[in-house]
Every structure is written in structure tokens, then in C-alpha cells.
Amino acid sequence: MSADPASLYSRKNPFPAPHPVNRKLSGEGSGKDTRHHEISLAGSGFNYEVGDSLGLFATNHPALVSEIIAAIGATGEEVVPGADAVPKPLRAALTGDYIITQPSKEFLKALVERAGEAVAQLRDLMADAAQKKALEDYLWGFEFIDFLLAHPSVKWTPEEFVKTLRKLQPRLYSIASSLKANPESVHLTVATVRYESHGRPREGVASTFLAERWPAEKTAGVFIHTAKHFRLPEDPATPIIMVGPGTGVAPFRAYLQERKAISASGRNWLFFGEQKRVCDFLYESELAQLQADGVLTKLDVAFSRDQAAKVYVQDRMRENARELWAWLESGAHFFVCGDGARMAKDVDAELHRIAETEGGKTLEEAAAYVEAMKKEKRYKKDVY
Ligand SMILES: Cc1cc2nc3c(=O)[nH]c(=O)nc-3n(C[C@H](O)[C@H](O)[C@H](O)COP(=O)(O)OP(=O)(O)OC[C@H]3O[C@@H](n4cnc5c(N)ncnc54)[C@H](O)[C@@H]3O)c2cc1C
Ligand SMILES: NC(=O)c1ccc[n+]([C@@H]2O[C@H](COP(=O)([O-])OP(=O)(O)OC[C@H]3O[C@@H](n4cnc5c(N)ncnc54)[C@H](OP(=O)(O)O)[C@@H]3O)[C@@H](O)[C@H]2O)c1
């Protein structure tokens, strides 16, 4: 979906964008590889707002494509249907059209039919609807290549294999820049996904494409994904509280750029968290400059691994409960971005607690207060 109906480009017709800047933000000693990316949008006509995300069509890792081709005994030249049904060489289809990491249901079904007793555990789990969770646990961390290598006697023609695959989907990234400050390019803050499972190193498709496989001059398809639910308050005088640990800081960098560009008078408070101050303090000098400029009114940081006990953004909220409550009571909007599985739930719980302790509310009244904030669109989340 394009934010600007006047633009020629959209998810269906992505803009071919070059990638001039790919800079590591994580310092030496970090357990992460989080990067700052700048993608040129010159000529796209995109007219996004801060809070929106960028959609990216990435391609699969060529080494994994080659491994799969070899595992099914093909050459890569065989012609197969692409995801758009147009015939193309197997290598091109596996590179750009299909998911070749997490195995599809269709593939697993076909494998069970062909491999019989050799995949008895998988067969039994798939046959019993009550075992859905056990099946998920069993499959966690397995990829197509593991099954292909474990069962070399099961034969697939290139077309049979491709017909079990699902279409590769674009990935979304929070826009980390304001058009007013950066009219020609869009900035992203991306954590490169790498992990090991079942004895093999694995790579996230799009985050490693951004980190390693998208040279500056080459183009990749991008589009704007609008996020009307995640906009700055209309009134530039309204204070905002932003909770953005890790890559969750991305949209707040954009908010701060925007508020600086329009000389907004509203106060801005950021809670940021990461593992270690020395190597994981993303955008440290920029944030210091924004504080010196008077744009970032207050910055509270929580480095979880700099001491024996974990310290998280919600701990900093609790330490600042009285002031945070005063901001909320003065009409501040409250934003959360980043990990949805754990962080956003814990931050939500802390918000409820602050309404109880500082607002003198009962459990039910605190819940009603937070609910009212949501209804008034003063409590906004973009979590993943
Ligand atoms: C609105 C929105 C905004 C976002 N903004 C950002 C952003 O600003 N920055 C950012 O970095 N990301 C952001 N994301 C997440 C981003 O879209 C991708 O999901 C992320 O980069 C991973 O994509 P990938 O293609 O690299 O990995 P994928 O190829 O999709 O691989 C990820 C998958 O690998 C598997 N996996 C991951 N870790 C393990 C493990 N340890 N063990 C076993 N399996 C594992 C899981 O199945 C997981 O779903 C956002 C998402 C949304 C929806
Ligand atoms: N679902 C998962 O298990 C999982 C795990 C990691 C990352 N992710 C995903 O990976 C992507 C990128 O992550 P990221 O590198 O940006 O940062 P991140 O993994 O969210 O980490 C940022 C900071 O948040 C801390 N944190 C961990 N649990 C928290 C909680 N419950 N409440 C508050 N803070 C918490 C981390 O501490 P510690 O790391 O020291 O605990 C770290 O200091 C996101 O999509 C995220 O959702 C998911």
C-alpha cells in the first residue's frame, strides 16, 4: 500500500531503490549486528509520514539456493513455474519467488507420503490435530534443507518440489527518518537475524540481504506501508513518551527528526534499552545532540547486561513513575515499538502499575484509564 496515491509505486509495483549506506551500529564486543541503512527514494514520488514502515522485497541467500538445487539433484537450469505462474529457471525461482527456509505444510505432507516410516514421528504429529503445538515444537529450527539432506532417497523433480513452496513475502521495517530532514532517502535500523539450529548456521532472509547482499548501486523493490495507528499527535505542542528498546528506537529517531524540523514545542521523552552501553547504545551521539539542541527533553536508558541483574526500560519507567504520570496527566501520548512477544506486554503492565501507584487508582480503574488512552489514540504501539 502506498502512502501517496499519486506515486506510481506500491506493493504491487515496488520502486527499484539503490542502497547507498549500510553502516554497522553495534560496536566491538556486541552480541548483535544492528545496522543503519539508507535507501535512496529519489524519483519514487513516495510521500510517507513518520510512523510508517518500508516494505522490502529481498532475495534468498545464493548459497542456500545452490544447496537445495544440489540436494534435489538438479542443475538450476530446469524451467519451473514462478510464483506469478510465469515459467523461469529453477535457480531464479528459488532465489526470488519462494520461501526456501521454514518448510511448508505442502512439502511436509509430500515428504510424509514419500518417506513413510523414515519420518514416522513427523507423520504421527501431522496426523493428529491435537498435536499442533508438539508439531510446532518439533519443527522449530528445521528448514527445507535439513529434510532434503536427511532423506536423499526421496526424489523430487524440480517442478514437484517448487509446487510445494509458498510465495516469498516482503518484510516491513519502521522508517527511522523524517522526509523533512531527509527528502531523498529513507533510513532503517535493522538487527541482522543469525542463529544456529540443529547444528547449522541460519540466516534471516531480508535482514542478511540488507546486511550483506544489497550492494550500494544494485536496486531492490521497496514500497511504503502506511501506519495510521502510529502517527505523531496532530498538535505539535503535545508531549510524547516513547519506549523503544533495541531496533524499536527506529520510528522514534524519525519522530525526533520531524519534531526538530517543524520546531514543535511539545516535550519529547525517550526510553531506550539494549544489552551493553559500550557497544549497543544505538545512535548515542545523535541522541546526545538532540538533547543538547533541546529537542529530546529527557532520555532514560536501560542496559540489561551491564550488571548482574537485568535492567529493562520498564524499570526506568518505574523509577520515573511520578514524572511519567505527570506527563500522562498533561495529555502526553505514549508510544511503544519493538519486541511484541515480551517487552511490550511488560511495558503495558508497568503503565497499569503507574496508574495505580501514582494515580491512586484501583486495578480496575487503572485498566479503564489505559483503555481510555487507547480509545483517545494516546497509547500507540507498533510491535513485531
Ligand atoms: C511493522 C513492522 C516493523 C518492523 N520494523 C523493524 C525494524 O525497524 N527493525 C528490525 O530489525 N526489524 C523490524 N521488523 C521485523 C522485520 O520485518 C523482520 O521480521 C526481521 O528483520 C526478520 O526478517 P528476516 O527476513 O531477516 O528473517 P526471516 O527469514 O523471516 O527469519 C525469521 C524467522 O527465523 C526463525 N528464527 C529466528 N530466530 C530463531 C532462533 N533463534 N531459533 C530458531 N528459529 C529462529 C523464526 O521462525 C523467525 O520467524 C518489523 C516488523 C514489522 C511487522
Ligand atoms: N521472541 C523472542 O524470543 C525474541 C528474542 C530476541 C529478539 N526478538 C526479536 O528480534 C528483533 C530485534 O530485536 P532487537 O535486537 O531490536 O532487540 P531486543 O531483542 O528486543 O533487545 C533490546 C533490549 O530489550 C531487552 N529486553 C529483553 N526482554 C525484555 C522485556 N521483557 N522487557 C523489556 N526489555 C527487554 C533486551 O535485554 P536482554 O537481551 O539482555 O534480555 C535488550 O536489552 C525484534 O523483532 C524482536 O522482537 C525476539
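How many bridges join β1 to strand β11? I found three, and the two strands run antiparallel. This is a predicted model: local features need pLDDT of at least 70, side-chain atom pairs count only at pLDDT 80 or more, and totals for chains, interfaces and linings use all residues. Residues are numbered from 1 along each chain as its sequence is written, while chains are lettered from A and ligands numbered from 1 in the order in which they are written.

**Entry: the sheet**

I noted how elements are named: helices (H or I, at least four residues) and strands (E, at least two) are DSSP runs, numbered from the N terminus. Two strands pair if DSSP finds at least two bridges between them. Strand β11 covers residues 220-225. Within β11, Gly221 is the bridge partner of Pro16. I then followed the whole open sheet: four strands, in the order β1-β11-β4-β7, with antiparallel pairing. β1 (15-17) and β7 are at the edges with a single partner strand each, so one side of each has no neighbour in the sheet. Neighbouring strands are turned by 40° against each other on average, direction ignored. Angles here run from 0 to 180 degrees between N-to-C directions, and axes are lines fitted to C-alpha atoms, for helices over the stretch in contact.

**Entry: ligand 1**

I counted a residue as near if its C-beta atom, placed from the backbone, lies within 6 Å of the molecule or strand. Ligand 1 has 23 residues around it, and Tyr195, Gly204, Ala206, Ser207 and Tyr384 come nearest. Two or more residues each come from β7 (171-174), β8 (185-191), β9 (194-197) and α8 (205-212). The edge strand β7 gives the largest share, four residues.

**Entry: two helices**

For contact I used C-beta atoms, placed from the backbone, within 7 Å. Gln121, Leu122, Leu125 and Met126 in α4 meet Ala134, Leu135 and Tyr138 in α5.
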